[in-house]
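Here is my note on the structure below. Please look through the model before you read the points.

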Amino acid sequence: MELSYQEKLTLIKLSEVGRTKFEELVKRTGLDQVAVMRAVLGLQSKGLAKLYEKSERVVKLTETGRKYAEIGLPEWRALAVLKEKKKATLDDLGNVLSEDELKPIVGLLRKEGWASVRKEDGKLVLEITEKGLNAEERPIDAALKLLTEKKTVPLDEIEGLIPVKELKRRKIAEEDSVTERFVEIAPEGAELVKGGIELKEEVSNLTPELIKSGKWREVEFKRFNISAPVRRIYPGKKQPYRAFLDKIRKRLIEMGFIEMVSDSLIETQFWNFDALFQPQNHPARDWTDTYQLKYPKSGHLPMEELVASVKAAHEHGGDTGSRGWGYVWSPERAMLLMPRAHGTALSGRQLARGVEIPGKYFTIQRVFRPDVLDRTHLIEFNQVDGFVVGEDLNFRNLLGILKRFAVEIAGAKKVKFLPDYYPFTEPSVQMSAYHPELGWVEFGGAGIFREEMTKALGVDVPVIAWGIGIDRLAMFKLGIDDIRYLFSYDLRWLREARLVW
Ligand SMILES: N[C@@H](Cc1ccccc1)C(=O)O
């Protein structure tokens, strides 16, 4: 039978005692705990030893017990006062005993024969006796000492000193049960040791020295059991949601999209709304739907020319043939600052900056909107926004791209589109994907940017655009049914979460 060095050593050490606690065996071998456990399991599978568990009734100190271990049992503290004063009243004892301890103290001292009790002027007076003067350690003291030293003591051992009932009655100790692992040698194991085992140190590392010196010919190499159970380790890794976002970024770049970046989470209303042809009196611009910055309140508007064409589009449609929204556009309003409410703000910025035609752009943005937190709503979430610009693009192209996103990138099994409204797109759609537990989950909007928007920003060809609530899609990939988990500190989830791609 082939045994590893560690198995041999463990077996030899075990044979010296026949049966022992696992921890004891660890000490005897001088190996570490994991190695011994592996050796024992190895020996067990070869029928040479047996590992088993046994529960044992034990006694341990209570909170009160631990206190007594520190400051002394009440009867000893009372006795100290009596020793000093010879005679004492209950009031005197009250200085060293708590109210609870005081009540039974007379009975206790009398039972031990350490004091006699008299009434003097209507008051109880205790006087120390000869036995009190020579008081010695009692079984209860021995038990308290033992429990203090060992923390847990087998029930039998305590019973040998004092009935455990007694300790429980005085609330000094309580019973508990602990499970211990034992290892026992099997007859075959004992036999093998008797026949003699050659204990040859094994080499687990083939070093250059071993090779050069030719020593490798003599040494014994350690065999590794690669199917042995091992402890799980949790190495550092990317937060699962971060990993998801990074993967999407990579996918889009692979698909030829250019990333639009921003180093700020704060946006002017101009870029968040106005540049997207969203009228200033649009209800979604109220505080109910977006946050506003308290300080500073306002930022800067871009180039005058651009501001003028956006203003013209809002007021009368600019040169698009549209009548616009028909109101007086306010630059002050457009200057107000806010945490970005959608990634589309960056699409507007990019169009104004200039784009490749044809071209594809995307951005992954943290956005902010007041909402009631629940399993599908966050007030701070991430959107993947993007657009494709090109001469011959149409609505069907848009739906095709979106479907590909939802299925390929987010792994949705089914997708559906419904007509919707956005001030900056016409036509507009809303997209939903099917989640096995949540049913249909709305995950974004899309459409063709209106001419009033694109022309004002200087782009004269169709632009199809979308904004996807990527967090909801992350739920699909990460197999979770509560969106709040994306930002969870739950270590178990952080360790176990697996991106299924
Ligand atoms: N920005 C929109 C989504 C959208 C983007 C682009 C075009 C149409 C719609 C939202 O936040 O819901």
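1. Which strand holds glutamate 426? Glutamate 426 sits in strand β16, which spans residues 425-435. Helices (H or I, at least four residues) and strands (E, at least two) are DSSP runs, numbered from the N terminus.

2. A word on the model. It is predicted: local features need pLDDT of at least 70, side-chain atom pairs count only at pLDDT 80 or more, and totals for chains, interfaces and linings use all residues. Residues are numbered from 1 along each chain as its sequence is written.

3. The whole chain. The protein chain has 23 helices and 18 strands. Of its 501 residues, 31% are buried. A residue is buried if 20 or more other C-beta atoms lie within 10 Å of its own, exposed if 12 or fewer, and partly exposed in between; C-beta atoms are placed from the backbone. Take the contacts between residues at least 6 apart in sequence: 67% of them join residues at least 24 apart. Two residues are in contact if their C-beta atoms, placed from the backbone, lie within 7 Å.

4. Annotated positions. The UniProt annotation "binding site", from an unreviewed entry, covers Glu426. Under "binding site" UniProt (unreviewed entry) also lists Thr344, Gln383, Val384, Asp385, Phe424 and Phe449. UniProt positions are given in the numbering used here, feature names are shortened, and annotations may be inferred rather than shown by experiment.

5. Back to glutamate 426. Why does glutamate 426 count as partly exposed? Because glutamate 426 has 16 C-beta neighbours inside 10 Å. Leaving aside neighbours within four places in sequence, glutamate 426 is in contact with Gly447, Ile448 and Arg450.

6. Valine 384. This residue is found in strand β14, residues 380-389. Valine 384 has 24 C-beta neighbours inside 10 Å, so it counts as buried. Apart from neighbours within four places in sequence, valine 384 is in contact with Ile248, Gly343, Phe362, Ile364, Ile468 and Ile470.

7. Aspartate 385. Strand β14 holds aspartate 385. Is aspartate 385 buried or exposed? Aspartate 385 counts as buried, because 26 C-beta neighbours lie inside 10 Å. Not counting residues up to four places away in sequence, aspartate 385 touches residues including His342, Thr344, Phe362 and Trp466.

8. Helix α1 and helix α2. Two packed helices are described by the angle between their axes and the distance between the axes. Helix α1 (residues 5-17) and helix α2 (residues 22-29) pack at about 115°, with axes 9 Å apart. Axes are lines fitted to C-alpha atoms, for helices over the stretch in contact, and angles run from 0 to 180 degrees between N-to-C directions. α1 and α2 are therefore roughly perpendicular. Angles under 35 degrees count as roughly parallel, over 145 as roughly antiparallel, 65 to 115 as roughly perpendicular and the rest as oblique. Leu9, Thr10, Lys13 and Leu14 of α1 meet Leu25, Arg28 and Thr29 of α2. The residues of this contact of α1 with α2 are three nonpolar, two polar and two charged. Ala, Val, Leu, Ile, Met, Phe, Trp, Tyr, Cys and Pro count as nonpolar, Asp, Glu, Lys and Arg as charged, and the others, Gly among them, as polar.

9. Helix α1 and helix α13. α1 packs with helix α13 (residues 187-194) at about 105°, with axes 10 Å apart. That makes α1 roughly perpendicular to α13. Leu11, Ile12 and Ser15 of α1 and Gly189, Ala190, Leu192 and Val193 of α13 make the contact. The contact of α1 with α13 has five nonpolar, two polar and no charged residues.
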